[in-house]
Amino acid sequence: MSAGVRSYAAVDLGASSGRVMVGRVGPDSLEVSEAHRFPNRPVRVPEGLRWDVLGLYGGVLDGLRAAGRVASVGLDGWAVDYGLLDADGALLGNPVHYRDARTEGVAEQVWATVPAAQLYAATGIQYAPFNTLYQLTAARKTEQLMCSKRLLLIPDLLSYWLTGEQGTELTNASTTQLIDPRTRTWSYEVAERLGIDLGLFAPLRRPGDPAGVLRPEVLAETGLAGPVPVTAVGSHDTASAVAAVPATGERFAYICTGTWSLAGLELTAPVLTEASRAANFTNELGLDGTVRYLRNIMGLWLLQECQRAWGGPDLALLLHEAGSVPMLRSVVDAGDAAFLAPGRMPQRIAAACRASGQPVPRTRGEVTRCILDSLALAHRRAVADAQRLADHPVDVVYVVGGGARNTLLCQLTADACGLPVVAGPTEAAALGNVLVQARAHGPAGDLAAMRRLLARTQPLTRYAPRGDDAPWQAAEARLLTP
């Protein structure tokens with residue numbers, strides 16, 4: 001290994017797979033490679049949809065074994081879901097999947113006690129039916145919750161199994177709808193009014209804080225030589241991904257693309273206006289005092305579900321077929337909760353087009369083009385709305401994550417937004433994870449320094465907007481017409 005270069009293991013848990021990446025960081029070098037990838041398959045049991053968290057943990061251990069010697073380990077993953085522990089620290093059942101139906105109608109129960117406008121003014125979190133707040137309300141009278149002594153969000157749960165130490169990392173905690181984004185600590189008033197015991201949560205910790213060391217049993221199973229510290233990172237994968245946006249200034253928007261599209265701005269303070277709530281923007285916490293002001297869009301989940309329904313055809317083939325379909329022939333609202341649940345996605349997209357009086361996509365290419373046009377249109381609306389609501393103009397849009405490889409989607413996003421798009425890095429969450437570890441264990445570097453290193457070392461592709469804005473305006477009008 002070159003002088004001054006250190007290796008870090010980034011555990012990155014996604015909705016469909018997990019992986020352990022090894023990042024190598026030097027004064028002017030940064031690279032990541034995949035040590036191990038493993039599936040993340042939700043399991044439907046009689047009581048509902050659950051995560052196979054033990055399988056995930058086994059994949060993490062396999063990945064650490066494959067990673068070899070590292071200076072630190074960091075974990076990031078998806079938001080809102082959690083595991084419950086008993087007084088002995090044992091897990092009380094598999095965590096409930098956020099796509100489970102148990103939160104249907106629960107938001108209205110919450111709003112009867114804390115009206116939606118008050119809830120937003122206190123927490124700044126957009127409405128989504130699966131927010132932790134609604135999950136806890138749905139579980140209020142269950143034996144499992146009543147018997148629990150600790151609640152750990154998913155990355156914190158796996159960190160606990162690795163180290164034996166419990167904590168609640170702040171960027172992920174901010175998605176629970178129980179954090180005040182102004183004070184960056186718990187919203188005690190909201191929790192008290194809704195009867196939620198904040199004592200269930202472990203103490204808050206922030207990106208860069210120590211999170212323990214690997215237990216002797218973990219060292220023995222992975223073959224690593226201790227001590228190996230575990231470092232808190234932006235444990236919400238979007239927080240890590242936004243940290244890895246290779247921006248060189250402040251006038252930028254970002255779109256973190258994968259199963260979800262998270263489109264918005266990085267701000268220094270939350271936007272808690274009624275207009276912001278009505279537009280369903282969220283204020284999640286990021287690194288170094290930042291706020292991730294963004295809108296959740298259904299993302300490539302739509303295409304992933306179609307691929308599953310079609311038997312797994314090659315993505316490159318689908319994109320080729322979609323490229324020959326006329327643009328904006330049919331579009332759907334890519335933020336519509338009607339597309340949240342798994343199953344029969346091609347038929348549901350066709351039904352939405354039929355109901356809105358548009359041509360019904362019938363071939364795989366037509367459905368794929370409908371999805372990509374719809375995502376680009378949703379990106380356009382989110383970027384434009386964020387600038388208006390935050391009074392924060394931008395000159396460029398950065399697309400990071402797996403969707404940065406989708407050249408058609410990136411070009412359509414540039415066309416729709418009327419702004420240049422810079423695509424990459426694709427491994428944004430892992431890179432952000434690694435960089436937070438690196439600065440915790442090496443020379444101090446602020447967020448701007450991290451981004452300068454990313455811009456120098458990562459492959460990036462630039463897309464210039466093409467054509468007329470009028471077709472995008474017309475497509476947007478079609479969606480807004482009742």
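Guide: Gladly, and bear in mind that this is a predicted model. Let us start with the largest pocket, which has 48 lining residues. Those nearest its centre are G14, T257, G258, T259 and W260.

Visitor: What makes a residue count as lining the largest pocket?

Guide: A lining residue has an atom within 4 Å of a point of the pocket. For the largest pocket, 48 residues are counted as lining. They divide into 21 nonpolar, 20 polar and 7 charged residues, and the pocket volume is about 1200 Å³.

Visitor: And how much space is in the second largest pocket, and which residues are closest to its centre?

Guide: The second largest pocket holds about 460 Å³. It is lined by 23 residues, with N280, R295, N296, G335 and D336 closest to the centre. Two or more lining residues come from each of α11 (274–278), β18 (291–297) and α15 (364–390). By class, this lining has 13 nonpolar, 4 polar and 6 charged residues.

Visitor: Which residues touch the most other members of the largest nonpolar core?

Guide: They are V73, L158, L162, L178, Y293, L302 and I349, in a core of 163 residues. The element that gives the most to this core is α15, with 13 residues.

Visitor: Which residues of helix α13 are buried, and why are they said to be on the same side?

Guide: In α13, residues 315–323, the buried ones are L318, L319 and A322. Their arc around the axis is only 100 degrees, so they sit on the same side of α13. As a general point, an α-helix has 3.6 residues a turn, so residues three or four places apart point the same way.

Visitor: What lies on the face turned away, and what covers the buried side of α13?

Guide: The face turned away carries A316 and H320, which are exposed. The cover over the buried residues of α13 includes α12 (301–309), α15 and α16 (407–417).

Visitor: Where is P246 in the chain, and what does P246 touch?

Guide: P246 lies in the loop between α10 (237–243) and β15 (252–257). Leaving out residues up to four places away in sequence, P246 touches Y398, V400, G424, P425, R451, L454, A455 and L460. The C-alpha atoms of P246 and S17 are 25 Å apart, and these residues are 229 residues apart along the chain.

How values were computed:
Residues are numbered from 1 along each chain as its sequence is written. This is a predicted model: local features need pLDDT of at least 70, side-chain atom pairs count only at pLDDT 80 or more; totals for chains, interfaces and linings use all residues. Side-chain values use heavy atoms; hydrogens and water are left out. On a 1 Å grid over the protein atoms alone, a cavity is a set of points where a 1.4 Å probe fits but cannot get out, and a pocket is an open set with protein on both sides within 12 Å along at least five of seven lines; lining residues have an atom within 4 Å of a point. Grid points are joined across faces, edges and corners, and a volume is the space filled by probe spheres set on the points. Ala, Val, Leu, Ile, Met, Phe, Trp, Tyr, Cys and Pro count as nonpolar, Asp, Glu, Lys and Arg as charged, and the others, Gly among them, as polar. Helices (H or I, at least four residues) and strands (E, at least two) are DSSP runs, numbered from the N terminus. A nonpolar core is a set of buried Ala, Val, Leu, Ile, Met, Phe, Trp, Tyr and Cys residues joined through side-chain atoms within 4.5 Å. Buried means under 20% relative accessible area, exposed over 50%, partly exposed in between (1.4 Å probe, protein chains only). The arc is that of the directions from the helix axis to the C-beta atoms. Contact means heavy atoms within 4.5 Å.
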